[in-house]
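Look at the sequence and the model together.

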Amino acid sequence: MGDGRRRESVTAADLALLEVVQRLGIAPRAVAGHSTGDWAALVAGGILPLERRDAIAEHVAALNARYQALRDDGALPDAALLAVGAGDREAVQRAVRDADGTVAIAMDNCPHQIVLCGDEAAMGPVRRTLEEAGAVCQPLPFGRAYHTPASRPSPTR
């Protein structure tokens, strides 16, 4: 399943779960989303009211089509993403510094998880170094250089 279809599936599942919770009469006092989950959080919080729930899925599909067009045009750089679970944050920062600009911290999700982004060739040695230091590393199934110096404003069409 490609990048876009995976996010569309996650959005659909999030909205389906929201529907179940609402039908049970459960109303949140607060909502938060993370990454693709932001869409369902916006709906749950009433920030993004919809007459049709599938309107979000259509928007996410259109956004993913735009990402694909940018990638096809060479305007969106490919990247490898690596989730790193580590108690030693300094080891992660050191591995990034040692990669000489080919790997960056893309997301600092929580005290024990950082997502790294970089080119495929550089990510292998960084992963090995971190695993040898005791980190748990998991490549992510998509490759966009979000939140890194490789991201830049995209051209409009």
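Start with R94 and E90, which both belong to helix α4 and sit four residues apart, about one turn of the helix. Helices (DSSP runs of H or I, at least four residues) and strands (runs of E, at least two) are numbered from the N terminus. The model is a predicted one, in which local features need pLDDT of at least 70 and side-chain atom pairs count only at pLDDT 80 or more, while totals for chains, interfaces and linings use all residues. Residues are numbered from 1 along each chain as its sequence is written, and side-chain values use heavy atoms, with hydrogens and water left out.

What joins the side chains of R94 and E90? They meet in a salt bridge, 3.8 Å from N to O. The term stands for a side-chain nitrogen of Lys or Arg within 4 Å of a carboxyl oxygen of Asp or Glu. R94 counts as partly exposed because its relative accessibility is 37%, and E90 also counts as partly exposed, at 34%. In these terms, buried means under 20% relative accessible area, exposed means over 50%, and partly exposed lies in between (1.4 Å probe, protein chains only). E90 forms a salt bridge with R97 as well, and there the closest N and O atoms are 2.7 Å apart. Through shared partners, these salt bridges join E90, R94 and R97 into one network.

A search of the whole structure finds five salt bridges. One of them is between the side chains of D108 and R89, at 2.4 Å from N to O. This pair links distant parts of the chain, with D108 in strand β2 and R89 in helix α4, 19 residues apart. D108 is partly exposed, with a relative accessible area of 48%, and R89 is partly exposed too, at 26%.

Strands of a sheet pair through backbone hydrogen bonds, either parallel or antiparallel. Here four strands make an open sheet in the order β2-β3-β1-β4, with antiparallel pairing. The edges are β2 (103-110) and β4 (136-139); each has a single partner strand, so one side of each is left without a neighbour in the sheet. From one strand to the next, the twist averages 25 degrees. Two strands count as paired if DSSP finds at least two bridges between them.

Strands β1 (residues 80-85) and β3 (residues 113-118) pair over six bridges in the antiparallel sense. G85, for instance, has Q113 in β3 as its bridge partner. Six bridges also join β2 to β3, which run antiparallel, and M107 has V115 in β3 as its bridge partner. β2 and β3 form a hairpin with two residues between them.

Which helix lies across β1, β2, β3 and β4? Helix α5 (residues 120-132) does, running at about 150 degrees to β3. Such angles run from 0 to 180 degrees between N-to-C directions, and the axes are lines fitted to C-alpha atoms, for helices over the stretch in contact. Contact means heavy atoms within 4.5 Å.

The last stop is the surface, where L17, V20, L24 and I26 make a nonpolar patch of about 410 Å². Patches are made of residues with over 30% relative accessible area and no salt bridge, with like charges joined within 9 Å and nonpolar side chains (Val, Leu, Ile, Met, Phe, Trp, Tyr) within 5 Å. V20 is found in helix α1 (residues 3-23), and V20 counts as partly exposed because its relative accessibility is 46%.

How values were computed:
Areas by Shrake-Rupley, 256 points an atom, 1.4 Å probe, with all protein chains shown as cover.
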